[in-house]
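The sequence and model come first.

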Protein chains: 2
Amino acid sequence: MNIDMIRAAARRIEGHVHHTPLLSSYGLDAIAGRKVLVKAEALQITGSFKARGGWAAVSALPAEIRQRGVIAFSSGNHAQGVARAAKEHGISAVIVMPSDAPIAKIEGTKGLGAEVVLYDRVNEDRDTIGAQLAAERGLTLIKPFDEPEVIAGQGTVGLEIAAQAAEYGVTEADVLVCCGGGGLTSGIALALEAEAPGLRARPVEPAGFDDVARSLISGQIERNASASGSICDAVITISPGQLTFPIMQRLCGPGLVVTDAEARAAMRAAFRHLRVVLEPGGAVALAAALFHPETVGGPAVIAVASGGNVDPGLFADVLAEKD
Amino acid sequence: MNIDMIRAAARRIEGHVHHTPLLSSYGLDAIAGRKVLVKAEALQITGSFKARGGWAAVSALPAEIRQRGVIAFSSGNHAQGVARAAKEHGISAVIVMPSDAPIAKIEGTKGLGAEVVLYDRVNEDRDTIGAQLAAERGLTLIKPFDEPEVIAGQGTVGLEIAAQAAEYGVTEADVLVCCGGGGLTSGIALALEAEAPGLRARPVEPAGFDDVARSLISGQIERNASASGSICDAVITISPGQLTFPIMQRLCGPGLVVTDAEARAAMRAAFRHLRVVLEPGGAVALAAALFHPETVGGPAVIAVASGGNVDPGLFADVLAEKD
């Protein structure tokens with residue numbers, strides 16, 4: 001896993017995913033007390049950065065293996081990223097999703113032509129379901145984060161941040177990243193190490209699901225007590241990956257933790273000041289930038305707004321809350 | 001008024017406004033039955049393309065005149081564009097706004113440091129109020145659309161569309177533009193004439209406020225019966241401008257008209273498929289692309305999503321409606 005793989009992934013995805021903008025606004029600067037630059041991956045095709053890793057992984061498969069199809073486990077954003085890459089490569093995709101995933105994500109995945117297999121989180125084992133399907137049909141599993149080509153694809157976000165931050169004159173800053181298993185965070189960290197060493201990636205997680213922050217402190221992989229119980233479904237994982245954790249340990253600054261209420265307030269701020277729709281899990285990095293400014297140094301901060309696949313009912317509820 | 005003024009405006013605004021993305025999504029393509037490319041000016045600093053015209057006009061003033069300050073009449077987006085340009089030039093701005101303008105726009109304008117003077121649309125005459133203030137303080141009026149430097153600034157949207165559409169391989173298409181007085185539409189039309197002659201600008205207006213569409217048919221400036229009565233406040237004007245109409249007459253294709261309900265449905269589609277927040281007036285071009293496909297030719301259509309300054313209560317109401 002190295003910068004050359006990220007650069008190779010960037011060449012493969014070119015023309016197939018959006019270069020997303022690095023946005024700024026006076027309103028966000030006023031809340032945070034410093035310049036806030038937002039990498040708007042919610043505007044990415046399929047609604048999250050996962051389109052990058054999905055394309056990078058599917059396009060890296062040998063043709064004869066790829067044509068048998070792929071399979072993925074996902075609560076939604078990785079599902080859509082893989083489904084979309086499969087669709088454009090003309091191959092089949094099976095996505096195993098929990099039956100309580102957001103409707104927007106289930107519908108989005110089906111809309112991309114994938115076969116969606118729902119399972120009950122409590123009573124069924126997704127690995128058993130997936131292994132059986134993969135064996136029967138010769139499908140290749142695309143893991144959501146602990147897979148080199150996926151990390152390489154997500155790392156292309158870091159290449160873009162390095163170039164775009166320089167246009168703003170920002171070369172020294174913390175880069176706050178919404179973090180589940182660490183694919184995006186570790187990929188960005190590797191890209192920044194090579195392209196913008198004054199920018200430092202830091203994972204941001206929801207309170208109660210801060211496995212990465214705790215792992216960075218203890219120096220070993222820590223686990224969360226639960227796999228559910230936050231509205232930030234996109235960034236809930238049990239623990240960082242075997243591949244992603246060593247990269248984060250070597251390159252990342254300390255983790256940050258935000259509450260669900262702070263994530264919701266960041267969704268409102270992005271609505272008002274950026275006109276960008278964020279899902280809760282895609283808003284945790286912006287929440288840290290806005291509401292925990294004391295934990296960030298320097299005159300500017302960069303936040304990755306990683307996804308925006310949110311059900312309209314939840315979004316309306318969030319808008320109705322008072323700041 | 002010519003392409004050289006637009007290119008000069010592009011040089012002046014460079015680094016001061018965002019290059020906004022030209023977005024696509026499978027979901028929008030499926031609704032429209034063709035490729036839909038959306039120029040997301042709602043992501044522009046201040047939330048609309050008006051930041052371009054405001055900057056272009058303020059930066060074009062001679063320094064000794066500029067330093068006395070500027071004044072503008074606006075229901076909101078032009079207000080924020082001018083206020084922001086004034087703030088960054090270190091000069092004062094007075095904005096005369098109707099008291100029933102969206103709260104998001106009044107607050108946004110104040111937040112940019114402008115002095116906001118509210119007036120009653122029914123009982124007060126804004127021109128009288130504005131003329132008195134301008135005379136007392138030596139302020140320069142920045143008109144919202146019928147002003148060459150403002151048209152030049154808005155025309156920079158067209159320069160970007162020409163380059164970005166070519167990256168998608170789209171060189172022949174209708175470019176649907178949310179149209180009030182015609183500053184954006186005429187500026188884009190001039191830019192496309194020079195840079196992408198296979199792209200044709202077409203104005204889109206709300207039903208009952210289709211002064212531009214009717215003017216293009218009759219060949220003379222037509223007026224609307226009313227100045228209010230649509231939720232699309234950003235694109236409600238009495239008639240096209242003396243400068244903008246001849247440009248549109250020479251270069252634009254026939255106008256299109258959408259209902260308020262179609263604008264609201266386009267807001268939902270942009271929420272779901274692009275993760276971009278649009279205000280009603282900023283959604284009319286996308287509404288035409290999605291819901292009047294029979295009036296557009298060719299395999300691709302480009303829609304300018306011109307603004308996203310919308311009150312959260314209205315946005316939540318729109319999300320709650322069923323398609």
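A residue is called buried under 20% relative accessible area, exposed over 50% and partly exposed in between, with a 1.4 Å probe and protein chains only. The model is predicted: local features need pLDDT of at least 70, side-chain atom pairs count only at pLDDT 80 or more, and totals for chains, interfaces and linings use all residues. Residues are numbered from 1 along each chain as its sequence is written, chains are lettered from A and ligands numbered from 1 in the order in which they are written, and side-chain values use heavy atoms, with hydrogens and water left out.

**Cysteines**

- B:Cys252 is buried, at a relative accessible area of 14%.
- B:Cys178 is also buried, at 3%.
- For B:Cys178, which is in no disulfide, the nearest cysteine sulfur is that of B:Cys232, 8.6 Å away.
- The closest cysteine sulfur to that of B:Cys252 belongs to B:Cys179; at 7.6 Å it is too far for a bond.

**Interface**

- Contact (heavy atoms within 4.5 Å) joins 33 residues of chain B to 33 residues of chain A.
- Of the interface residues of chain B, 100% are also interface residues in chain A, so the copies meet through the same surface.
- The two chains bury about 2,400 Å² between them, 66% of it on carbon and sulfur atoms; buried area is the accessible area (1.4 Å probe) that two parts lose on being put together, summed over both.
- On the chain B side, B:Tyr26, B:Phe271 and B:Arg275 lose the most area to chain A, together 33% of what that side buries.
- Between chain B and chain A there are 0 salt bridges, defined as a side-chain nitrogen of Lys or Arg within 4 Å of a carboxyl oxygen of Asp or Glu.

**Aromatic rings**

- There are 5 aromatic pairs over all chains.
- Rings of Phe, Tyr and Trp (its six-membered ring) pair if their centres lie within 6.5 Å; planes under 30 degrees apart count as stacked, over 60 as edge-to-face and the rest as tilted.
- A:Phe271, A:Phe315, B:Phe271 and B:Phe315 are linked by ring pairs into a cluster.

How values were computed: Disulfide = S-S within 2.5 Å.
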